[in-house]
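I opened my notebook to go through this structure one topic at a time, writing down what I looked up and what I found. The model and its sequence come first, and my entries follow.

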Amino acid sequence: MKQKNKHIVLKTENLSIGYQQKKSRKIIASNINFEIEKGKLITVLGKNGIGKSTLLRTLSKVQKPINGDVFINQKKLQELTETALSTQLSLVLTERLPESQLTVYELIALGRQPYTNWIDKLSDNDIKKVETAIHQTEINHLKNNRFYELSDGQLQRVLIARALAQDTEIIILDEPTAHLDMHHTIKIFSLLKKLVAETQKTVIISTHEVNLAIQLSDEIILLTESTFHVGTPSELIETNAFDTLFPKELVKFNKTLQQFVINKS
């Protein structure tokens, strides 16, 4: 049987990430090369300060790469206008929202800004996209609430709904479960997994929830101090890629359980 051609929505070529200091450049990671296929849940893993957020911010054009290129649907990221990019990629960052009196519905409707006219009037199609996003994230009971009244878990669902309303092929989320307890963390991961299956959107998230990521991700981008790894969870387990993620005196990776466990030895 002839193999079906992959639909690569995002790829990097010889990418180096970091940031500009006063008179020099700080390179966090270099020679990053990978391809991401449509309709996958991708997690970016690595210890604190390794560059997970920097990578996502570079992939979404929030900051410039030090070297190399990012391509979205075969077009160079730096050549895409902000308007064109906003119809292809949506971004959910960890920064707090500015104070306002917006309702949940109004906040989600902001996701339609790339498509609305100059007076920001919602068309019938815009309203349909917003209602669909609310349904997909199961937050209909919250839509008339002020967003500042929400719990962290509820707000995260609302921000995911706003990204869905934006109707982009790629959704990038920077640590969407950072302030959530275990129950709500699992619910957010499960929601993202369900959305990928239902919508065939590509979702890329950074997270510290390594064991959950191994269980639920289609592919993992693993950043370490010396290199990076890309592959399915089973591929990374087979090549012992997780062995250098954390200090071995604290935790160790158990291949049989396919998760990290406390090192009691």
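**Entry 1: Cavity**

I looked up the largest cavity and noted that it holds about 40 Å³ of space. I wrote down that this is a predicted model, in which local features need pLDDT of at least 70 and side-chain atom pairs count only at pLDDT 80 or more, while totals for chains, interfaces and linings use all residues. Residues are numbered from 1 along each chain as its sequence is written, and side-chain values use heavy atoms, with hydrogens and water left out.

Grid points are joined across faces, edges and corners, and a volume is the space filled by probe spheres set on the points.

My search of the whole structure gave one cavity of 30 Å³ or more. I found that the largest cavity is lined by Pro 65, Gly 68, Asp 69, Val 70, Lys 76, Leu 77 and Gln 78. Strand E4 (residues 67-72) gives the most to this lining, with three residues; helices (H or I, at least four residues) and strands (E, at least two) are DSSP runs, numbered from the N terminus. By class I noted three nonpolar, two polar and two charged residues in the lining of the largest cavity, where Ala, Val, Leu, Ile, Met, Phe, Trp, Tyr, Cys and Pro count as nonpolar, Asp, Glu, Lys and Arg as charged, and the others, Gly among them, as polar.

I then turned to the largest pocket, which has a volume of about 460 Å³. It is lined by 24 residues, and those closest to its centre are Thr 94, Arg 96, Asp 152, Leu 155 and His 179. Helix H5 gives the most to the lining of the largest pocket, with four residues, and the classes I recorded for this lining are 13 nonpolar, five polar and six charged residues.

The second largest pocket holds about 360 Å³ of space. Of its 18 lining residues, I listed Ser 86, Leu 89, Ser 90, Leu 91 and Gln 166 as the closest to its centre. Helix H2 (82-86), strand E6 (89-92) and H5 each supply at least two residues of the lining of the second largest pocket, and this lining has nine nonpolar, six polar and three charged residues.

**Entry 2: Helix H5**

How many of the 15 residues of H5 are buried? I found that 11 of them are, so H5 is mostly covered; buried means under 20% relative accessible area, exposed over 50%, and partly exposed in between (1.4 Å probe, protein chains only). Among the buried residues of H5 are Gly 153, Arg 157, Leu 159 and Gln 166. I also checked the length: at 1.5 Å a residue, the 15 residues of H5 should span 21 Å, and the end C-alpha atoms are 21 Å apart, which agrees. The expected span is 1.5 Å times one less than the number of residues in the helix.

**Entry 3: Salt bridges**

I counted 11 salt bridges in the structure, each being a side-chain nitrogen of Lys or Arg within 4 Å of a carboxyl oxygen of Asp or Glu. Glu 169 and Lys 38 meet in one of them, at 3.5 Å from N to O. Glu 169 lies in the loop between helix H5 (152-166) and strand E7 (170-174) and Lys 38 in the loop between strand E2 (25-37) and strand E3 (41-45), so the pair ties together parts that are 131 residues apart in sequence. Lys 38 is partly exposed, at 28% relative accessible area.

Glu 198 forms a salt bridge with Lys 194, with the closest N and O atoms 3.7 Å apart. Being four residues apart in helix H6 (residues 182-199), Glu 198 and Lys 194 are separated by about one helical turn.

**Entry 4: Hairpin**

Last, I looked at strand E11 (residues 251-254) and strand E12 (residues 259-262), which pair in the antiparallel sense over four bridges; two strands pair if DSSP finds at least two bridges between them. Val 251 has Ile 262 in E12 as its bridge partner. E11 and E12 form a hairpin with four residues between them, and Gln 258 in the turn has a positive phi of about 60°.

Technical notes. On a 1 Å grid over the protein atoms alone, a cavity is a set of points where a 1.4 Å probe fits but cannot get out, and a pocket is an open set with protein on both sides within 12 Å along at least five of seven lines; lining residues have an atom within 4 Å of a point.
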